[in-house]
Amino acid sequence: MPRRPGPPSPVQLDATAPPAVHLAGQHPRTDVERLVRHGTWVRIRHGVYVDAAWLSDGPDADRRRALARLEALRRTSPRPPLLLRESAALAWGLPLVVVPEVSHTAGRSNPTSHGARDVVRHVVDVPVRHTTEHRGYRVTTLERTAVDCATVLHPYAALVVADAALHVGADRDVMLALLDAARGRRGVRRARAVLEVADGGAESPGETWTRWTVLRLGYPVPETQVPVDTGGGRYWADIGYPAWRLLIEYDGAEKYGTDGRDAVAALRRERRRQLAVEDAGWRVVRVTAHDRRHVDAFEARLRTALPDAPRTARPHLHPPPA
């Protein structure tokens, strides 16, 4: 299957390096108190601080704080902890719908004393072949990380991780083999439903949400990275149904940038692109962040665009009860 040319999307793999952390035990107490009082340092966990300038008030603030907690945990542990689940995904740079407020680690037994409140230690024996080192952290492999997340997260959140893992090179067969080995355990059936529709062609969580919504509404599995040849050249759509000449495009803010002039130029390019695609005989359904809050409107547009499409119930992909 052809894919849009170029490297993996930067939206999928967060390259933010862990921050430098400061251990209180390595500095005079008065210095630590002064730096905190002046807002230069921020306490990230007991006895560990990070530069306030590194933390952000933007949309990635929670992610940066979680990365700082991971680095603080690594620096204060007698031996490097094995990160798993969402914490392993965070270390890999995979996108997360909800950033964890605790660090998830693996251990073969419960600790003899109560651990820190910001660390959850899971009693699990992870084989060495399922572990690796990435950016200085001991983590579960990319495949094991995606599978672990798929067994515990909401289906959409799990699909975001699985899509991104496949996008950057995870092996689907290895992931399915891991599920086969875990057959009968809690969350495995749901995880299999997620992995069966996971697709490395998704280039952002917004695109994954669009596909997940289409699937949970019962529509056939759409193709990702759909090439469309027009009089103006070849264009690529996020997802679509070539048999019905229908494309579904997620319009995220990142598509148009933050600079005003660049945004206007991007809008003009997008308009030319849509006209060329329509002239080639394709229809386009556009999806925005507004549709994520008003799914009924998106569903109505799908019913209009695909009135004769077969529908299939997918209970494992349904949203949780309100």
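Leu-176 touches Arg-192 and Leu-195, leaving aside residues up to four places away in sequence, where a contact means heavy atoms within 4.5 Å. The structure is a predicted model, in which local features need pLDDT of at least 70, side-chain atom pairs count only at pLDDT 80 or more, and totals for chains, interfaces and linings use all residues. Residues are numbered from 1 along each chain as its sequence is written, and side-chain values use heavy atoms, with hydrogens and water left out.

Leu-176 lies in helix α6 (residues 172-181); helices here are DSSP runs of H or I with at least four residues, numbered from the N terminus. With a relative accessible area of 23%, Leu-176 is partly exposed, a class that falls between buried (under 20%) and exposed (over 50%), using a 1.4 Å probe and protein chains only. Its C-alpha atom is separated by 9.5 Å from that of Ala-191, 15 residues apart along the chain.

In soluble globular proteins, nonpolar side chains tend to be buried together. Phe-298 has among its contacts Trp-209, Val-214, Ile-248 and Asp-291, again not counting residues up to four places away in sequence.

Rings of Phe, Tyr and Trp (its six-membered ring) pair if their centres lie within 6.5 Å; planes under 30 degrees apart count as stacked, over 60 as edge-to-face and the rest as tilted. The count comes to 4 aromatic pairs. In one of them, the ring centres of Tyr-241 and Trp-244 are 5.3 Å apart and the planes stand at 65 degrees, so this pair is edge-to-face. Tyr-241 is buried, at 5% relative accessible area, whereas Trp-244 is partly exposed, at 33%.

Charged groups also meet rings: the charged end of Arg-311 sits over the ring of Tyr-219, 4.3 Å from its centre, and that of Arg-74 sits over the ring of Tyr-137, 5.8 Å from its centre. This arrangement requires NZ of Lys or CZ of Arg within 6 Å of the ring centre and within 35 degrees of the ring normal.

Conventions
Helix = DSSP H or I, 4+ residues; strand = E, 2+ residues; numbered from the N terminus.
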